[in-house]
Amino acid sequence: MNEELLQYIWMAGLFNANNLKSTDGQDIIVYKRGRLNANSGPDFSNANIRIGDTEWVGNVEIHLNSDEWYQHKHHLDKGYNTTILHVVLKCNAQCVREDGSELICIELNDRIEPAIIQNYESLKTSTNWVACENSINKIDHFTIEQTLDRQLINRLERKCLKINEWMTKGVNDWNDVLYHSLARSFGFNTNSEAFEQVALNLPLNLLIRNKNDSNTIDSLVFGVAGYLEDEIDEVYFNTLKKEWKFLQKKHKLFQLEKSSFKFMRMRPGNFPCMRLAQFASLAVKCPELFIAIQTQFTLENIYKLFEISPNPYWQTHYHFNKESNPHNTSLSKQAIHHIIINTIVPVFFAFGKHIGDAQFCEQVINLLHKLPAEQNNTIKKWKSINIHAKDAFHSQALLELKNENCDLRKCLNCKIGTKVLNL
């Protein structure tokens with residue numbers, strides 16, 4: 001048993017409240033247990049409790065043993081004078097508030113089902129892939145769906161933090177926000193940081209001013225990425241290099257090291273040069289992409305906008321100066337889905353919150369129901385324990401559940417975990 005579990009037991013009312021009495025023999029009736037406080041101060045606020053003949057509204061403090069009131073120096077803190085009840089597992093000391101008044105205490109030690117504590121300890125000490133792996137199939141479908149709904153929102157809210165961070169750094173235009181987020185997506189995990197650096201060092205307004213010249217756009221993207229420094233005897237490369245030298249000097253552009261981009265364990269279609277070429281092609285086709293998506297927020301329109309065609313040079317190259325067999329240079333459906341899931345949905349969800357349009361936020365979320373579930377090791381592992389991702393909504397939620405709850409053993413923050421306590 002720890003204080004986290006005792007707090008949850010109080011919050012959820014998982015104790016026998018019949019004939020509840022304080023340690024000094026007064027009758028206790030709990031009308032409202034209060035709201036868990038995430039900030040400093042007593043654990044629960046706004047509780048409504050009758051003690052003896054008097055009804056009180058105030059705070060509740062939770063401890064395993066009552067003497068922790070003194071260990072935590074609450075008796076010296078005026079902020080705890082509004083505490084109306086001390087809820088403990090065991091009362092081993094009578095406590096007083098800072099103002100000298102006596103604190104009423106109740107013990108829950110004999111009022112908690114042992115199975116709840118045993119199930120909690122099993123979850124906390126489990127070495128399974130997820131703590132509830134052996135119990136999750138006993139949980140009703142409604143609870144699992146509720147959990148996934150909450151996890152999906154948590155994931156989007158967490159991604160909004162990154163978007164808000166860009167806003168505070170001066171990227172305060174939604175077209176710019178989408179541009180920076182798209183750059184990360186075109187890095188496809190392995191190179192997301194390097195691609196973000198390209199966007200940070202290549203202003204979108206410069207691309208917009210040159211939107212009618214694909215070679216200029218290519219030279220800017222590859223130049224900032226550090227790919228135009230070699231000596232290569234190719235017309236396309238040297239055209240870009242010459243243009244880059246002029247533009248770099250004119251606009252005082254920073255240039256990354258080419259070594260910032262990684263190739264290891266990567267299919268040719270994901271090589272940095274190919275993704276940079278596609279990113280540049282999108283900038284040519286639709287430099288003000290945010291408005292183009294916002295005005296017609298449908299999956300069909302997004303697919304159409306991402307139908308891009310990089311320079312024909314890339315049909316026979318994955319690198320500069322290394323010819324390959326002819327291949328398709330357009331974005332695959334899978335790549336577009338990756339971009340929608342990791343960029344379009346988070347950015348437009350953040351936008352919907354920014355303008356206070358809950359209906360638009362719902363429209364953004366529903367886009368995930370129209371996309372197939374992602375296929376990765378985490379989703380496959382969930383499937384192996386009979387939890388299936390029906391679509392991208394579910395796969396995103398399951399990723400969030402695993403990474404932000406299960407891996408951290410935050411079972412009491414999860415409806416599934418709290419249901420397991422009562423099995």
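Hi everyone, let's start with K73, which is exposed, with a relative accessible area of 52%; exposed means over 50%, buried under 20%, and partly exposed in between, using a 1.4 Å probe and protein chains only. This is a predicted model, where local features need pLDDT of at least 70, side-chain atom pairs count only at pLDDT 80 or more, and totals for chains, interfaces and linings use all residues. Residues are numbered from 1 along each chain as its sequence is written, and side-chain values use heavy atoms, with hydrogens and water left out.

Back to K73. It is not a glycine, yet its phi is positive, about 65°. You'll find K73 in the loop between helix 2 (68-71) and strand 5 (83-90). Helices here are DSSP runs of H or I with at least four residues, strands are runs of E with at least two, and both are numbered from the N terminus.

K252 also has a positive phi, near 55°, in a residue other than glycine. K252 sits in the loop between helix 9 (235-251) and helix 10 (272-285), and is exposed, with a relative accessible area of 75%.

Now to helix packing. How do helix 4 and helix 13 pack? Helix 4 (residues 141-168) meets helix 13 (residues 333-354) at an angle of about 85°, with the axes 9 Å apart. Axes are lines fitted to C-alpha atoms, for helices over the stretch in contact, and angles run from 0 to 180 degrees between N-to-C directions. The two helices are therefore roughly perpendicular to each other, a term for angles of 65 to 115 degrees. On the helix 4 side, the contact (heavy atoms within 4.5 Å) includes L156 and I163, and on the helix 13 side, V345 and F349 are among the residues involved.

A cavity is a set of points on a 1 Å grid over the protein atoms alone where a 1.4 Å probe fits but cannot get out, and lining residues have an atom within 4 Å of a point. How many cavities of 30 Å³ or more are there? The count comes to two. Of its 13 lining residues, the closest to the centre are Y179, L182, L204, C286 and P287. Helix 5 gives the most to that lining, with four residues.

The second largest cavity has a volume of about 100 Å³. Closest to its centre are A131, C132, C406, C411 and C414, and helix 16 gives the most to its lining, with three residues.

Definitions and conventions. Parallel < 35°, antiparallel > 145°, perpendicular 65-115°, else oblique. 1 Å grid on protein atoms, 1.4 Å probe; cavity = no way out; pocket = protein on both sides within 12 Å on 5 of 7 lines; lining within 4 Å. Points joined across faces, edges and corners; volume = space filled by probe spheres on them.
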